[in-house]
Amino acid sequence: MPVRVLGDQTRLRFKPSGNEVDDFCRWSETYLRLPGNRKLMIRDWQRDIVEMVWGADRPKLSALAIGRGNAKSTLAAAMALYRLYQGEDESVDILAVDYRQAALIGKICTKFVGRHEQLEKRATVFADRIAVRQSTLEWLPANAAALEGRTPTLVIADEGGRIDQEVYEVAVHSVSKLDTAQLFLIGTPGPNPRNVLAQFREHSLTHPEDKTQAYKEFSADRWDHSLTCDDHDGDPGCLSAANPALGDWLSRESLLATAPPKTSEAHWRRVRLIQWRVANSEPVLPLGLWESLSTGEEIPPGSKVVLAFDGSYSGNDATVVLAATVDREPHLQLVKAWARPDPRDTDYRVPIEQVEQAVRDACREWDVAEIACDTYRWQRSLSILEAEALPVRDFPQSVTRMSAATAGFLTAARNAKLSHSGHPLIGEHLTNATTTEDGRGGRLVKSHRAVRIDAAICAVMAVSRATWHATKSKPKRRTIAF
Ligand SMILES: [Zn+2]
């Protein structure tokens, strides 16, 4: 149902230079207006993106990953409109995760059309498409069946990290029908690691010789820095790498307005830093549950406990010594923790002697039934402590063993069958962890490779051994105060 009369059939006054990338930039600046009648000025980095799609190689498939807030939808709309007005018999399809999302780009296009008299009088604007002469631009539902049978000249698929695989494949098939047809996929890494955009990226990185597809990303993927890092020894840092519009229309303030804890770290790293190896971090425990298990009390001297320790020499991870009372409902206390203070300080080494001494001191303070640790990492320390007749016990962190221990730990925590002294590091490391889904219950793993989860791992080991000792030994009579 047209909302306007059929448009003016004449062509826009625009003289193509033959270089399509230059023409696109000049055309956009001439005809596209932002609110307030500002010209849409194509930035150099945006020109590079267009060069990937319409430059010399003109790949059949191209993809872009860029941080949210960098106006990728506006650029996509500009590209779609350029084809609509300047091409012949164009059929531009806009897709996203669903119709509503695709319609967002459609709406941007409609607004651009409405802001320039020369565009407006040549267009017929419908609820789901815009027609100019023999060409159409259409935003579509993400429904494979609905897309079958289309013959587009250009497909712009937004939300490549979330778009349905089958929908994407039908779209790829649709651009294979015409020699010159192209597909342009844009987005941010999706929560599912096998998302369409991630697979596209993977193929491009492993097959650089394949000229039928091109990929570009603005990303901080190669760094393991803090969430808001924007300083690389005086140069712009991670935030700038993933957000080329930062300092232009994207202010640092508005970018950081949604930083964790307002959003999850995993989400932030994916959509704002374009980091790919971020697991989908469902919290391992309901929010606030761990904190509710704190009694604020330390383990009294002389109590029977299990010690657990874990970590890395390099300080990449935290090294943690933790105690748990030998009890069917253990009480945990973090004894000591070490970590390199600045993630970029690669010279830092964990003071191993201090770790060993902390274990000795703990053995003097409490009645230590067992020191649990993965000998694989701590061979030297364990040999020394064992030679001092301390009850060292190897706790190999195999998948089976850690899965069982993790399930036991999480169940105990959910049922309030354990408590702790309130040190914030364990809670923090639990928040940094996510569970694998490889078998029964899964293990705790990092939600991103830059985060630390060692205190949580130690807690899992300590609770596993403490409850084992509690069920092995005779039921202990609880101290009753009269
Ligand atoms: Zn950085």
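Residues are numbered from 1 along each chain as its sequence is written. Because the model is predicted, local features need pLDDT of at least 70 and side-chain atom pairs count only at pLDDT 80 or more, whereas totals for chains, interfaces and linings use all residues.

The domain assignment of the protein chain gives domain 1 (20-217) and domain 2 (289-471), with bounds that come from an automatic or database domain assignment. The C-alpha centres of domain 1 and domain 2 are 50 Å apart.

Helices (H or I, at least four residues) and strands (E, at least two) are DSSP runs numbered from the N terminus. The axes of helix 1 (residues 20-31) and helix 2 (residues 44-54) come within 9 Å and cross at roughly 135°, where axes are lines fitted to C-alpha atoms, for helices over the stretch in contact, and angles run from 0 to 180 degrees between N-to-C directions. Helix 1 and helix 2 are therefore oblique to each other, given that angles under 35 degrees count as roughly parallel, over 145 as roughly antiparallel, 65 to 115 as roughly perpendicular and the rest as oblique. On the side of helix 1 the contact is made by Glu 20, Val 21, Phe 24 and Cys 25, and on the side of helix 2 by Arg 47, Val 50, Glu 51 and Trp 54, two residues being in contact if their C-beta atoms, placed from the backbone, lie within 7 Å. These residues divide into 5 nonpolar, no polar and 3 charged (Ala, Val, Leu, Ile, Met, Phe, Trp, Tyr, Cys and Pro count as nonpolar, Asp, Glu, Lys and Arg as charged, and the others, Gly among them, as polar).

An open sheet of 6 strands has the order 15-14-11-12-13-16 and mixed pairing, where two strands pair if DSSP finds at least two bridges between them. Strand 15 (392-394) and strand 16 (419-420) stand at the edges with a single partner strand each, so one side of each is left without a neighbour in the sheet. Strand 16 pairs with strand 13 (residues 331-338) in the parallel sense over 2 bridges, and His 420 is the bridge partner of Leu 332.

Helix 13 (residues 352-365) lies across strand 11 (304-310), strand 12 (319-325), strand 13 and strand 14 (367-373), and runs at about 10° to strand 12. The axes of helix 13 and helix 14 (residues 375-387) come within 11 Å and cross at roughly 40°, which makes helix 13 oblique to helix 14. In this contact, Ile 352, Val 355, Glu 356 and Val 359 of helix 13 meet Ser 381, Ile 384 and Leu 385 of helix 14, giving 5 nonpolar, 1 polar and 1 charged residues by class.
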